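My notes follow in the order in which I made them.

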Amino acid sequence: MSYFAFLTEHGPTMLLGTVTTIKVLICATILYVIISLIFGLMRLSKNPIIQGTATVYIEFFRGTSLLVQLFWFYYVLPFFGLTLEAFTAGVVAIGMNFGAYGAEIVRGGVLAVPKGQWEGAFALNFTPAKRMRKIIIPQIFPIILPPAANLTVELLKATALVALVTVVDLTFEAKQINSITWLSAQCFGTALLIYYIISRFFLVPFLRWLEVLAARKVGKEIK
Amino acid sequence: MNAEWRWDFAIEILPQMLLATLNTILAAGVGYAIATIVGLLFLLGQRTPIKIVNIINREIVEFIRSTPLLIQLFFVYFVLPQFGITLSAWVCGMITIGLHFGTYLSEVYRGALEGVPKTQWEACRALNFSTFYTYRKIVLPQAFPIAIPGMGNYLVGIFKDTPLLSTIGVAELFHAATAVGGYHYRYLEPYTIVGIIFLMLSIPAAIWIRKIEKNVNLAQGKIKKEQL
């Protein structure tokens, strides 16, 4: 069977899987961005309870493997009467795992805002909340976006794991087609190529554009 | 199914899980050893003065880095036999992990080499040292401490990615948990124990790496003692 014939026969199925992969990617990215902002700021709180909660959360999710968390969400939570759909479990597990990594990036970003900005806000008698919202947060984006972009590419790769909890994504389809046709090189090769194309030609340029945008917002220019 | 945690069941399966943990540690160790060497090869490809080698090397690294480890595992495991090379799941897993993380480590090495100030090279040039001597005596001893934190992080990273090996049938910790869970039809204890074991191994490792990083920074004079 030529590769072209393979593509005409199984290409549409793989594309359907790709759509699911992109859905997982988008949902998990939104979730992880929200979680990292919340926990990143909580980590900087002076209140030991808030800070402790964030630290425990971050260490827990960074210390265990994503696959273990995914299976825990999907297979163990039903024991507690909370049954998640495979797709939801996948998005939640990935979002929470990457949120823990992202929180550390946010924390680093807030700490990297020049001290003069804090002092300036203080001198202008801003309340702590206003200082955060108006002065500090807008400035962290150019700092956190480059590492966050790397993390998002990692997240795209991690979406492949949801196939193991029966989400019908690109990886799942590739495995399925492989078990029917045994054309392993074609199926997995195509799947690898699709992931590569998404990452190299869509995700990375988009994130790069965001970086430029964020830098311009605070009056920096990056090449 | 009930949500109750059964201690007797947990204790019953614990020895089996601990035994499988040894396999996980072994897999992480071997995978890491391969990755450090593969990383050096990619670094060599990056630094050779031949342009075409650089480009090919960079594209390979980019490709491996931006595709999921899971599919790479499937690819190596299912495709190689089509070309008449039949390897065990263990060997396939080790090769894939080695290749995948080798690309990451090559970046760590590159960063470390670039972290050595240019003046060091110029001084060696002025003293008429050979390239080999420069690397061995001047550059590498300075680059290595810079590389330690990154290398340590990827060791933990590999450790946390070893559960993926269970998908091609390597009998490591996660594989054992799935097998035990399927046999007794109780997933609560096995997967929770896996999580706890991972925590107990990776948090001390992370703390240890942070400590090394601090020591390295101290030794290099990047931070002062008072700042700690």
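**Entry 1: Leu82(A)**

I began with Leu82(A), which is exposed because 10 other C-beta atoms lie within 10 Å. The rule I used: a residue is buried if 20 or more other C-beta atoms lie within 10 Å of its own, exposed if 12 or fewer, and partly exposed in between, with C-beta atoms placed from the backbone. Leu82(A) sits in the loop between α3 (66-76) and α4 of chain A. I then checked a distance: the C-alpha atoms of Leu82(A) and Phe172(A) are 25 Å apart, and the two residues are 90 residues apart along the chain.

**Entry 2: what I am reading**

I noted that this is a predicted model, in which local features need pLDDT of at least 70 and side-chain atom pairs count only at pLDDT 80 or more, while totals for chains, interfaces and linings use all residues. Residues are numbered from 1 along each chain as its sequence is written, and chains are lettered from A and ligands numbered from 1 in the order in which they are written.

**Entry 3: chain B as a whole**

How many helices and strands does chain B have? I found eight helices and zero strands. Helices (H or I, at least four residues) and strands (E, at least two) are DSSP runs, numbered from the N terminus. Chain B has a radius of gyration of 22 Å, well over the 17 Å that the globule rule gives for 228 residues, so chain B is more spread out than a compact globule. The radius is taken over C-alpha atoms, and the globule rule is 2.2 Å times the number of residues to the power 0.38. I also noted a box of roughly 75 × 55 × 25 Å, taken along the principal axes, which the C-alpha atoms of chain B fill. Of the 228 residues in chain B, 36% are buried.

**Entry 4: helix α1 of chain B**

I looked up α1 (residues 7-47) of chain B, which has 41 residues. From its first C-alpha to its last, α1(B) reaches 56 Å, close to the 60 Å expected at 1.5 Å a residue. The expected span is 1.5 Å times one less than the number of residues. Where is the kink in α1(B)? I found it at Leu14(B), about 40 degrees, shortly before the proline Pro15(B). A bend is the angle between axes fitted to the seven residues ending at a residue and the seven starting there. The buried residues of α1(B) include Ala20(B), Gly31(B) and Phe42(B). The buried residues of this helix pack against α2, α4 (89-115), α6 (131-161), α7 (173-184) and α8 of chain B.

**Entry 5: where the chains meet**

I counted contacts next, two residues being in contact if their C-beta atoms, placed from the backbone, lie within 7 Å. On this count, 30 residues of chain B are in contact with 34 residues of chain A. The elements that give two or more residues to the side of chain B that touches chain A are α2 (51-65), α3 (69-79) and α8 (188-219) of chain B. α8(B) gives the most, with nine residues.

**Entry 6: the core and Val194(B)**

The largest nonpolar core has 112 residues. Such a core is a set of buried Ala, Val, Leu, Ile, Met, Phe, Trp, Tyr and Cys residues joined through C-beta atoms within 7 Å. Among the members that touch the most others are Leu70(A), Ile71(B) and Val194(B). Helix α4 (residues 86-112) of chain A gives the most to this core, with eleven residues. Not counting residues up to four places away in sequence, Val194(B) touches Val68(A), Leu173(B), Phe174(B) and Ala177(B).

**Entry 7: helices α4 and α6 of chain A**

α4(A) has 27 residues and bends by about 30 degrees at Ala100(A). Ala148(A) lies in helix α6 (residues 128-158) of chain A. Is Ala148(A) buried or exposed? Ala148(A) counts as buried, because it has 25 C-beta neighbours inside 10 Å. Leaving aside neighbours within four places in sequence, Ala148(A) is in contact with Gly102(A) and Ile105(A).

**Entry 8: two positive phi values**

Phi of Trp182(A) is near 60 degrees, a positive value in a residue other than glycine. Tyr185(B) is not a glycine either, and has a positive phi of about 55 degrees. Trp182(A) is in the loop between α7 (170-181) and α8 (184-217) of chain A, and Tyr185(B) is in the loop between α7 and α8 of chain B.
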